[in-house]
Amino acid sequence: MTATQILLLIGAYFLVLILISYFTGKNDSNADFFKAGKQSPWYVVAFGMVGASLSGVTFISVPGWVADTQFSYLQVVIGYIFGYLVVAFLLLPLYYKLNLTSIYEYLLERFGTVSHKTGAFFFFISRVLGASFRLYLVAIVLQQFVFDDLGVRFEFTVAISILLIWLYTNRGGIKTIVWTDTLQTLFMITAVVLSIVLINDALGWSFGEFLASNELKDYSNILIMDDFLDRNHFIKSFLGGMFVTICMTGLDQDMMQKNLTCKSLKDAQKNMVSFTFVLVGAKILFLLLGALLFIYAQRESISIPLMDGTPKTDLLFPEIALNGGLGLALAVTFMLGLIAAAYSSADSALTSLTTSFCVDFLNVEKKTEAEQKKVRKQTHIAMSILLVLVIIAFKYILSSNVIDSLLTVAGYTYGPLLGLFAFGIFTKHKVKDAYVWIVALLSVTIIVLVANIPADYLGGYIVGYELLPLNGLLTFIGLWLIRTRETIPNTAQ
């Protein structure tokens with residue numbers, strides 16, 4: 001597939017998204033931008049959230065991860081299931097009861113202004129880093145397989161990508177995204193299924209023969225139970241997956257903003273439960289695809305592509321899809337899936353960052369309607385520019401596997417949110433609000449130090465995804481130490 005063909009495909013794809021945004025963004029109101037008028041069908045939200053949760057990271061990095069970790073990522077996915085249940089039946093009722101626009105407004109009502117700003121700040125850092133990680137991965141693929149051939153610099157690739165997202169989210173915001181995410185999820189899952197079918201066909205296998213093959217067994221180790229010191233031990237992975245889900249979905253404005261567009265709490269809970277089962281099935285497909293890619297690469301003597309002189313397994317899927325001699329159908333399928341994966345998460349991240357900054361920092365809801373709209377549009381542009389700058393910076397500082405990096409960073413930045421919400425929900429104590437930011441900062445600092453302790457100093461114990469719950473626990477303890485004698489009635493929780 002030539003660079004010109006890929007550019008035409010991208011152009012056609014965005015024309016469809018802009019067409020959707022034309023119909024969903026006609027009102028160009030803050031009510032639609034922030035909450036979609038609370039009229040979104042739950043099943044549309046559920047299906048669209050799958051694409052936003054998978055993202056370009058899952059589309060490329062999870063298949064590339066199979067060589068090193070086999071199917072042990074499923075240990076994390078099992079944790080996801082329990083985490084989503086917590087979100088559905090503990091957090092969503094709270095958000096609907098308080099009728100929130102930004103979920104961090106809960107911290108304002110529960111503790112005070114400093115707690116509110118602290119929680120919103122850590123979401124802001126988390127989401128900027130997370131969205132940038134995801135779009136960075138897709139940008140380097142487009143750069144290596146498309147724009148390098150055209151002599152276009154990486155910085156321009158990133159800027160154009162964000163500009164296109166801005167174009168179709170500028171008016172409709174979350175109302176547009178609920179519908180574009182549905183289309184993007186469909187493209188992404190179709191791309192994975194067709195990729196599996198086409199590669200199996202090239203290997204002369206049916207899907208059943210692939211599942212029964214000895215080659216697959218070499219990649220199918222799921223449970224790691226032998227050595228608790230191992231970073232990927234089942235207990236660590238399970239707890240890490242559960243808490244990552246609670247934080248990166250339930251305490252994340254990006255994901256919760258979609259849920260809050262449903263008509264009722266019952267619809268939002270149906271959305272979350274059905275979304276969980278579809279997402280788990282999609283994760284399994286990605287792992288099977290990863291094994292299939294490495295089997296095919298070994299048979300055809302395809303080397304792992306290099307990036308800056310270093311083999312990078314994240315690039316194996318695009319290498320086989322675009323240059324593996326499997327035909328135009330697989331190349332088109334891959335590019336559609338990649339584009340969908342990239343923008344289904346980046347567009348909602350841009351919208352949620354705009355929403356949170358407007359509501360949590362600029363108090364936009366206290367302004368006149370005309371001022372609200374002006375502030376929202378200016379903030380939307382500012383968030384777009386910020387994402388461009390951070391993604392470009394990643395090119396020069398990021399070296400480890402992208403999804404691993406994403407989950408590690410989440411342990412640093414989502415931990416204070418976990419501690420704040422847990423303390424608010426499970427205790428009746430008020431706190432000395434002025435000191436909350438100090439507690440959060442100290443917790444993150446301690447976690448960073450712990451993460452960098454050499455394994456030899458810990459008897460061979462390798463710190464992993466347990467950083468997130470540990471961070472939340474430290475924040476909880478810190479809040480307990482600055483609690484006041486005053487408590488709140490049950491109705492306030």
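Helix α18 (residues 415-426) packs against helix α20 (residues 467-481) at an angle of about 50°, their axes lying 7 Å apart, where axes are lines fitted to C-alpha atoms, for helices over the stretch in contact, and angles run from 0 to 180 degrees between N-to-C directions. That angle makes α18 oblique to α20, since angles under 35 degrees count as roughly parallel, over 145 as roughly antiparallel, 65 to 115 as roughly perpendicular and the rest as oblique. The model is predicted, so that local features need pLDDT of at least 70 and side-chain atom pairs count only at pLDDT 80 or more, while totals for chains, interfaces and linings use all residues. Residues are numbered from 1 along each chain as its sequence is written, and side-chain values use heavy atoms, with hydrogens and water left out.

**Helix pairs**

- α18 passes α20 in a right-handed crossing (a crossing is left-handed if the near helix is turned anticlockwise from the far one by less than a right angle, and right-handed if clockwise).
- On the α18 side the contact (heavy atoms within 4.5 Å) is made by Gly-415, Pro-416, Leu-418, Gly-419, Leu-420, Ala-422 and Phe-423, and on the α20 side the residues include Leu-468, Pro-469, Phe-476 and Trp-480.
- The residues of this contact between α18 and α20 divide into 10 nonpolar, 5 polar and no charged, with Ala, Val, Leu, Ile, Met, Phe, Trp, Tyr, Cys and Pro counted as nonpolar, Asp, Glu, Lys and Arg as charged, and the others, Gly among them, as polar.
- The axes of α6 and helix α7 (residues 154-169) come within 10 Å and cross at roughly 120°, and the two helices are therefore oblique to each other.
- α6 passes α7 in a right-handed crossing, with Leu-135, Tyr-136 and Phe-147 among the contact residues of α6, and Phe-154, Thr-157, Val-158, Ile-162 and Ile-165 making the contact from α7.
- By class, the contact of α6 with α7 has 10 nonpolar, 2 polar and no charged residues.
- Helix α15 (residues 328-361) and helix α16 (residues 369-397) pack at about 125° with their axes 9 Å apart; α15 and α16 are therefore oblique to each other, and their crossing is right-handed.
- Leu-350, Thr-351, Leu-353, Thr-354, Phe-357 and Cys-358 in α15 meet residues of α16 that include Val-375, Arg-376 and Met-383, and the contact as a whole has 7 nonpolar, 5 polar and 1 charged residues.

**Cavities**

- There are 4 cavities of 30 Å³ or more, a cavity being a set of points, on a 1 Å grid over the protein atoms alone, where a 1.4 Å probe fits but cannot get out.
- The second largest cavity has a volume of about 40 Å³, and its lining (residues with an atom within 4 Å of a point) is formed by Trp-65, Thr-69, Ser-72, Tyr-73, Val-76, Asn-232, Ser-237 and Tyr-465.
- The elements that give two or more residues to this lining are α3 (42-69) and α4 (73-98), and the lining residues divide into 4 nonpolar, 4 polar and no charged.

**Pocket**

- The second largest pocket has a volume of about 190 Å³, a pocket being an open set with protein on both sides within 12 Å along at least five of seven lines.
- Its lining includes Leu-100, Glu-105, His-116, Lys-117, Asn-363 and Lys-366, and the elements giving two or more residues to the lining are α5 (105-110) and α6 (113-147).
- By class, the lining of the second largest pocket has 4 nonpolar, 3 polar and 5 charged residues.

How values were computed
Helix = DSSP H or I, 4+ residues; strand = E, 2+ residues; numbered from the N terminus. Points joined across faces, edges and corners; volume = space filled by probe spheres on them.
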